[in-house]
Amino acid sequence: MDLETFTWLLAPAGQELLAEAERLDLGDAARLATLGRLRRAAPPERAAAAYETALLRRRAASKFPRASQMYFTREALEQATGWPVASHRARRYLELLGTGAHVADLCCGVGGDALALAAAGLRVTAVDRDPLRLAMARANALALGLGDRLAFAQLDLEADAPPAADAIFFDPARRSGGRRVFALADYAPPVALVHRWRDRTPAVGVKVAPGVTDEELAALAVPEAEFISLDGELKEAVLWFGALAGGGRRATLISAREAGPAAGDSPSAVSLWSAAPAALARAPLSAPLAFLYEPDPAVIRAHLVALLAHGLGAAQVDAEIAYLTADHAVATPFARCWRVLEWLPFSLKRLRARLRELGTGPVTVKKRGSPLDTDALARALSGGGPRPLVVVLTQVRGRPAAIICEGPIHAGQIADSGLLGHGTH
């Protein structure tokens, strides 16, 4: 879609065709038939725009509660921050800067973060060099009733200075030539530009991929790196500078909620934080005890496994693997917990025999530090018995092992110690 076609799509004739597209079958099998029907009412490029918009709105429903009113391109939707994460991040800007503060959202795309910042009560200047994405961000702001809180600027940030603001949010593209890039220096624009901008605007947050390396963080002298998971899936990292930074490493776990910009609701989030994670780089080691904990991936990526272990009174089963174990269960949002039935040095023959003796039914296989195919092994180990079990393939003190578990145990089944779970910014 180009800007001219998008402008037509916003006009009454375009809206009528879009409404028709949304009523039709958008499945892959019906694609040609649906496009053919739309082309009877409009030229091919306009019919394709209506079809694509209707399709992307459906795909965006998992990211945006009001996706049915918004506009996207495929690549912009893929890169856009989902509403729960964007809303959580906006809350930090609001709490540290105050209502009415001015934030420049650089590389705003179709406006996911800009909308969340505006919905939180901040003034936003949304910046992008792509006129189509900027037009979509403007249309999205109007559709969600946030147009009076946003301004828009078309700038090439590698050549132009960002607009003056109290703080910056920067979301550089992680694709080049249609392919994903991983090094911060390959982002477009490169992340290192923040050092130039901070002379005028010290408070900066930068969204990056969660695979950012420790060496890259050190080279940028990042005061705080926050790793964010959504419903147990590691989504992204944010590099915080200036007044927005708390220092050290933070793991933030967010639970999705049916909240949208109009509702003003914030997602449920808890945070595990250390100003000096290197000070707790190691946890004690132990063979599997009565309970096994699997830390959330954000905790693992933030290098806070040892901190979590100390808080739980737990040990690691192996120095290089994040599974924790303890002789007691403690309720925590930062790890899933299973009851350990027994463990044995890995032998497929012995494991299969022991599972039969336990009356095993369906088996779930989890692994860390094992090369085996978990899906195939789960099928091979599952039996006809009444007892669903979990087999964890891992290393115990450097040697392959299988841990047989029941669960997971949910928080309501454990006496809540109040340990470690606290709200974030």
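Cys405 has a relative accessibility of 0% and counts as buried, where buried means under 20% relative accessible area, exposed over 50% and partly exposed in between, with a 1.4 Å probe and protein chains only. This is a predicted model, in which local features need pLDDT of at least 70, side-chain atom pairs count only at pLDDT 80 or more, and totals for chains, interfaces and linings use all residues. Residues are numbered from 1 along each chain as its sequence is written, and side-chain values use heavy atoms, with hydrogens and water left out.

**Cysteines**

- The count of disulfides is zero, a disulfide being a pair of cysteine sulfur atoms within 2.5 Å.
- For Cys405, the closest cysteine sulfur is that of Cys337, 9.1 Å away and therefore too far for a bond.
- Cys107 is also buried, at 18% relative accessible area; its sulfur lies 8.1 Å from the closest cysteine sulfur, in Cys108, which is too far for a bond.

**Nonpolar cores**

- The largest nonpolar core contains 64 residues, and Phe6, Phe64, Phe72, Tyr93 and Leu150 have the most contacts inside it; such a core is a set of buried Ala, Val, Leu, Ile, Met, Phe, Trp, Tyr and Cys residues joined through side-chain atoms within 4.5 Å.
- Helix H8 (residues 131-143) supplies the largest share of this core, seven residues; helices (H or I, at least four residues) and strands (E, at least two) are DSSP runs numbered from the N terminus.
- Apart from this core lies another of 54 residues, including Ala104, Leu193, Ala302 and Leu312.
- Leaving aside residues up to four places away in sequence, Phe64 touches Met70, Phe72, Leu77, Ala80, Thr81, Trp83 and Gly112, contact meaning heavy atoms within 4.5 Å.

**Aromatic contacts**

- There are four aromatic pairs in the structure; rings of Phe, Tyr and Trp (its six-membered ring) pair if their centres lie within 6.5 Å, and planes under 30 degrees apart count as stacked, over 60 as edge-to-face and the rest as tilted.
- One of these pairs joins Phe170 and Trp197 edge-to-face, at 4.8 Å centre to centre and with 75 degrees between the planes.
- Because Phe170 belongs to strand S4 (residues 167-170) and Trp197 to helix H9 (residues 194-197), this pair ties together parts 27 residues apart in sequence.
- Phe170 is buried at a relative accessible area of 0%, and Trp197 is buried at 5% relative accessibility.
- The charged end of Arg57 sits over the ring of Tyr71, 4.7 Å from its centre; this requires NZ of Lys or CZ of Arg within 6 Å of the ring centre and within 35 degrees of the ring normal.
- The charged end of Arg368 sits over the ring of Tyr323, 5.3 Å from its centre.
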